[in-house]
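Here is a short report on one protein model. Please look over the sequence and the coordinates before reading on.

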Amino acid sequence: MREQIRNNWDIALRLSDLSAGTAIVAKCGRCARSRALNRPLLVKRYGPDARLFRLEQTLRCTRCGSKAAGRIELHDAPRN
Ligand SMILES: [Zn+2]
């Protein structure tokens, strides 16, 4: 089974709503760079009730520097 990628999650979704196996991946719409975000760090910085769409607005690409094209994808690992 492959992991499932969600890129059209609910706008009301919060960090605390995600299951432990879900990876938060930031993807740049301009240069297509993607990287997994450090979830404990996000919780520490923005709080467990921070909404994902707010975090998306804070993203900045580390390769091309774009701030407008950042998207968050959720990668759900398959359960074994
Ligand atoms: Zn980029």
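The report below goes from the overall fold to single residues.

## Model and confidence

This is a predicted model; local features need pLDDT of at least 70, side-chain atom pairs count only at pLDDT 80 or more, and totals for chains, interfaces and linings use all residues. Residues are numbered from 1 along each chain as its sequence is written.

The protein averages a pLDDT of 94, where pLDDT is the predictor's confidence in each residue, from 0 to 100. A score of at least 70 is reached by 96% of the residues. Among the elements, α1 has the highest mean pLDDT, 97. The lowest, 93, belongs to β1.

## Overall fold

The protein has 2 helices and 4 strands. Both kinds of element are DSSP runs, numbered from the N terminus: helices are H or I with at least four residues, strands are E with at least two. Along the sequence the pattern reads β-β-β-α-α-β.

The C-alpha atoms fill a box of roughly 35 × 30 × 20 Å along the principal axes. The radius of gyration is 12 Å, which agrees with the value near 12 Å for a compact globule of 80 residues. That radius is taken over C-alpha atoms, and the globule rule is 2.2 Å times the number of residues to the power 0.38.

Of the 80 residues, 5% count as buried. Buried means 20 or more other C-beta atoms within 10 Å of the residue's own, exposed means 12 or fewer, and partly exposed lies in between, with C-beta atoms placed from the backbone. Among contacts between residues at least 6 apart in sequence, 72% join residues at least 24 apart. A contact requires C-beta atoms, placed from the backbone, to lie within 7 Å.

## The sheet

The 4 strands form an open sheet in the order β1-β4-β2-β3, with antiparallel pairing. Two strands pair if DSSP finds at least two bridges between them. The edge strands are β1 (4-6) and β3 (34-36), each pairing on one side only. Neighbouring strands of this sheet are turned by 30° against each other on average, direction ignored. For such angles, axes are lines fitted to C-alpha atoms, for helices over the stretch in contact, and angles run from 0 to 180 degrees between N-to-C directions.

Strand β2 (residues 22-28) is joined to β4 by 7 bridges. In this antiparallel pair, Lys 27 stands opposite Arg 71, and Val 25 is opposite Glu 73. On its other pairing, β2 meets β3 over 3 antiparallel bridges. There Ala 26 stands opposite Arg 35 in β3. β2 and β3 form a hairpin with 5 residues between them. Ala 32 in the turn has a positive phi of about 70°. β1 and β4 also run antiparallel, joined by 3 bridges.

## Two strand residues

Leu 74 is in strand β4 (residues 70-76). Is Leu 74 buried or partly exposed? Leu 74 is partly exposed, because 19 other C-beta atoms lie within 10 Å. Arg 6 stands opposite Leu 74. Leaving aside neighbours within four places in sequence, Leu 74 is in contact with Arg 6, Trp 9, Leu 18, Thr 22 and Ile 24. Asn 7 is 67 residues away from Leu 74 in sequence, yet 6.4 Å away in space, C-alpha to C-alpha.

Ala 23 is in β2. It stands opposite His 75 in β4. With 15 other C-beta atoms within 10 Å, Ala 23 is partly exposed. Beyond neighbours within four places in sequence, Ala 23 is in contact with Ala 36 and His 75. Ala 23 and Ile 5 are 18 residues apart in sequence and 9.5 Å apart in space, C-alpha to C-alpha.

Helix α1 (residues 39-46) is hardly covered. The count of buried residues among its 8 residues is 0. Gly 47 follows α1, with a positive phi near 90°.

Pro 48 is in the loop between α1 and α2 (52-58). Pro 48 counts as exposed, because it has 12 C-beta neighbours inside 10 Å. Not counting residues up to four places away in sequence, Pro 48 touches Leu 15, Ser 16 and Val 43. Pro 48 and Ser 16 are 32 residues apart in sequence and 5.1 Å apart in space, C-alpha to C-alpha.

Definitions and conventions:
Contact = placed C-beta atoms within 7 Å.
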